[in-house]
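I set out below my notebook entries on the structure shown here. I looked up a few local features in turn.

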Amino acid sequence: MTLARTPDLLPAAIRNAFAPSVTYLNAASYGLLPAAVAAEVAAAEQRRVRGEFDIPAVDGIVANCRTALGRLVGVDASRVAIGAHVSQFVGLVAESLPVGANVLLPESEFTSVIWPFLARKDIRVRTVPFAELTTAVRSGDDVVAAAVVQSADGAVMDAPALVTAAHAAGARVLLDVSQAAGWFPVHDTGADWLVGVGYKWLLGPKGTAFLAGTAAALDTLRPVAAGWYAGDDPWDSVYDAPLRLAPDARRFDLSPVWPAWIGQLPALELLLSTGIENIRAHDVALANRLRTGLGLPLGDSAIVSVPANQATLDRLCAAKVVGAVRAGRLRLACHLYNTAADVDHALAVLGG
């Protein structure tokens, strides 16, 4: 099949910010670092090599990241906490629930979203197929938790519909946006809590994660990992009692992984200046080009999941087409650095 040319939806300068040496269709595993981000991280580590690294200077970078993440998910920066892993923040929500609480989760969900709940042996967990999550919410549920975009196959949730149904039943909603934020708009979900990581679609180094939420929902959580960076004035409260936690979401902060947050800031600035809606249009257009070439119906996700045998996987590897195998299927993901040529090369290899 010869596909019509896909028009460029993003300027060439965006692609030129990256330097892949392969056909990289694997943003769902990790996003490519922009060259400028890698340079920022390397420069910071060289300052450590020379003994010239300034730890307090990272605070301003974290504050700017907090503001950028707030813009991304539609909350004030005061309601954004920073950490390193999604499970850390999901665990806060799971730990906050009373004995006997009812939690609704989707089947086949990524374990970081569901294991913190399953680890609680004194709450009741119910699972249903992802597509049935909204209609499965019922009175008596306390929390519904799920990823907006599913890791295994890229299925996209109607988040506002789920939140509406959950709130009508008296339940709060925790949404993981790790596979959504950076290409899919998540600024208007209405969720009580949002969690996500920076190393996938947000193009940051590994070591950044965030929690955002409504003031009321954040107030239900207990800062069980409170450390020095959770203080209202961290550099003034590094020793001794009494407890002097920040009054806002910073009370849930973990001390930042320095190079990760240094690199995360320019990555967030690149995404926000490009525009998430623009990125979504670009990413989904490429994913649909891939679907069309494979004889699949068009979709609304930047992630494509297809069956693949070992011979196909071997051909992809030999041709330097990078995807991932998840849930026994080949997962390919298109992001802002990809082009129609990347998709066409993958299609040629997949076609044998």
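This is a predicted model: local features need pLDDT of at least 70, side-chain atom pairs count only at pLDDT 80 or more; totals for chains, interfaces and linings use all residues.

At what angle do the axes of helix 11 and helix 12 cross?

Entry on the helix pair. I looked up helix 11 (residues 310-318) and helix 12 (residues 340-350), and found that their axes cross at roughly 140° and come within 9 Å. Angles over 145 degrees would count as roughly antiparallel, so I recorded helix 11 and helix 12 as oblique to each other. I then listed the contact: from helix 11, Thr312, Arg315 and Leu316 take part, and they meet Ala346, Val349 and Leu350 of helix 12. By residue class, I noted that this contact of helix 11 with helix 12 divides into 4 nonpolar, 1 polar and 1 charged.

Entry on helix 9. I checked the length of helix 9 (residues 258-274): its 17 residues should span 24 Å at 1.5 Å a residue, and the end C-alpha atoms lie 25 Å apart, which agrees. I found 13 of the 17 residues of helix 9 buried, so I describe helix 9 as largely enclosed by the rest of the structure. After helix 9 comes Gly275, for which I noted a positive phi, near 100°.

Entry on Arg66. I located Arg66 in helix 3 (residues 57-73). Is Arg66 buried or exposed? I recorded a relative accessibility of 7% for Arg66; the cut-off for buried is under 20%, so Arg66 counts as buried. Leaving out residues up to four places away in sequence, I listed Ala77, Val80, Ala81, Ile82, Arg250 and Asp253 as the residues that Arg66 touches.

Methods. Residues are numbered from 1 along each chain as its sequence is written. Side-chain values use heavy atoms; hydrogens and water are left out. Helices (H or I, at least four residues) and strands (E, at least two) are DSSP runs, numbered from the N terminus. Buried means under 20% relative accessible area, exposed over 50%, partly exposed in between (1.4 Å probe, protein chains only). Contact means heavy atoms within 4.5 Å. The expected span of a helix is 1.5 Å times one less than its number of residues. Axes are lines fitted to C-alpha atoms, for helices over the stretch in contact, and angles run from 0 to 180 degrees between N-to-C directions. Angles under 35 degrees count as roughly parallel, over 145 as roughly antiparallel, 65 to 115 as roughly perpendicular and the rest as oblique. Ala, Val, Leu, Ile, Met, Phe, Trp, Tyr, Cys and Pro count as nonpolar, Asp, Glu, Lys and Arg as charged, and the others, Gly among them, as polar.
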